[in-house]
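Visitor: Hi, could you walk me through this protein? I'm new to reading structures.

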Amino acid sequence: MSDSETIAAGYAFTGPALDLGALLWDGACLSEAQIRIPLPMLNRHGLVAGATGTGKTKTLQLIAEQLSAQGVPVFLADVKGDVSGISAPGAANDKVAGRAAEVKQQWTATGFPAEFYALGGIGHGIPVRATITGFGPVLLSKVLQLNQTQEQSLGLIFHYADTKGLELIDLKDLRAVVTFLTSDEGKPELKNIGGLSTATAGVILRSLTAFEAQGMADFFGEPEFDTSELLRTAQDGRGMVSVLELPAVQDKPQLFSTFLMWLLADLFHDLPEVGDADRPKLVFFFDEAHLLFNDASKAFLDSITQTVRLIRSKGVGVFFVTQTPKDVPGDVLAQLGNRVQHALRAFTPDDQKALKATVKTFPNSAYDLEEILTGLGTGEAVVTVLSENGAPTPVAVTRLRAPESLMGPVDATTLDQAVKSSSLYGRYAQAVDRESAYERLSEARPAPAETPKAAAKRAPAKEDESMVQQVVGSGMFKSLARSVGTQIGREITRSLFGTARRKR
């Protein structure tokens, strides 16, 4: 058996599978040698990597289409705004026809059922919000860029709020609790469990203020998004493609990458164990994955690693999409059994190192991968996946199929119409601000009406007395401080990632 026949035999699966394309060998496209991924192996996680402009987005679009067609819901993070076309039929042309003929694809222009979301409602999409309580201290520390000591202190603040029944819905709630705990009335509350230094509290408060000043308050609040919405199928049985539109917040990478992790962590802690299912419950594509790991604390990285390791048994597959495998920490990379590696550039010494490191992540093969990876064309990739018995398949250089949906964005008007006609729009469109920690800690009893004469005699308030000082000094605040200090509330159970567990 020749090398090409051995490779082709490694992809001759008997069960349901996704078709990626046809084998490239010795400069020729062997259309009979189809390169595929077994459907049950899509919850074993994967990596789609490659330099800018090599076709990564089209690859995840191709995989998402076929998952949807087989009844599997998909989540896509659309950072550049060019994935919304998955909801519309593609445009036939000579280039598409030529690619389809090369890889033996029966191409038919097809749109797929899709829902469009936007973080905090900024941009085109159904608003996705999280409460501060639900988001948790580990993820919030990441977006606030706190160091390890500050992260631990923030965890202490959350623990206190959880045990005392102080709901943290939005940023002002958290600010109110931090202010209370550093006041004379609040300091004794943390005395027996480590305390909270004034300096650390000041850093957290300043970080919250700067965060809010950048227009990020809209991302936190109610109604909180129910991640089970991502698991729906359409009426025709196809999996729903949930597209999170991120172009309006692409200048806030720390925020959107951490929000994606919140979605995944929330799913992980709500879904039951299913073991090895015949198909995934959801496949989650994590675009611009390097942003998630940049400047991440050890606690954050440990939580990612454990979440990715364990979520497979909940029936969720995760694909990280980035430029090179070195963007993903080794402990996470080791769990990504399905690899689609597009072309890499090797213009600098650092590029050469990245190229050599990438080659080492693949099984031994008959190809000279260093040479192959720098010479791949757009829409070509080096592939290895997990076979039906869980073993790695032979490395296969592949000419990929063309997506059947629109390879580009739909226009803004069409997108807005799709959003407002969704059954979910009415549920999440309008933000709600109900009573929570801020209101409980800052509501002062109304003062009795005073006469003009009394008002004239009343000494003016000090100009430098802040609103916080006025609140802390109020009778209601002191009364509440005593009640909060003695009340034992229902403590919120927190997950591995510090997110709050919820009952559906």
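Guide: The largest cavity holds about 40 Å³ of space. This is a predicted model, where local features need pLDDT of at least 70 and side-chain atom pairs count only at pLDDT 80 or more, while totals for chains, interfaces and linings use all residues. Residues are numbered from 1 along each chain as its sequence is written, and side-chain values use heavy atoms, with hydrogens and water left out.

Visitor: Which residues line the largest cavity?

Guide: Thr57, Leu60, Ala77, Asp78, Val79, Lys80, Asp82, Val83 and Asp287 line it. On a 1 Å grid over the protein atoms alone, a cavity is a set of points where a 1.4 Å probe fits but cannot get out, a pocket is an open set with protein on both sides within 12 Å along at least five of seven lines, and lining residues have an atom within 4 Å of a point.

Visitor: And which elements supply at least two residues of that lining?

Guide: H2 and strand S4 (74-78) each do. Helices (H or I, at least four residues) and strands (E, at least two) are DSSP runs, numbered from the N terminus.

Visitor: OK, pockets now. What volume does the second largest pocket have?

Guide: About 330 Å³, where a volume is the space filled by probe spheres set on the grid points, joined across faces, edges and corners. Of the 15 residues lining this pocket, Lys58, Lys95, Arg99, Gly379 and Met407 are the closest to its centre. H2 and helix H3 (94-103) are the elements that give two or more residues to the lining.

Visitor: H2 again! Where does Ser68 lie?

Guide: In helix H2, which covers residues 56-69.

Visitor: Is Ser68 buried or exposed?

Guide: Ser68 is buried because its relative accessible area is 0%; buried means under 20%, exposed over 50% and partly exposed in between (1.4 Å probe, protein chains only).

Visitor: What does the side chain of Ser68 reach?

Guide: The backbone oxygen of Gly239, at 2.6 Å. Leaving out residues up to four places away in sequence, Ser68 touches Val74, Phe112, Pro113, Arg238, Gly239 and Val241, with contact meaning heavy atoms within 4.5 Å.

Visitor: Switching topic: how many residues of helix H7 are buried?

Guide: Ten of the eleven in helix H7 (residues 171-181), so that helix is mostly covered. Among the buried ones are Leu174, Val178 and Phe180.

Visitor: What does Leu140 touch?

Guide: Ile132, Phe135, Leu154, Phe158, Leu174 and Phe220, not counting residues up to four places away in sequence.

Methods:
Polar contact = N/O pair within 3.5 Å; in protein donor to acceptor, adjacent residues only side chain to side chain.
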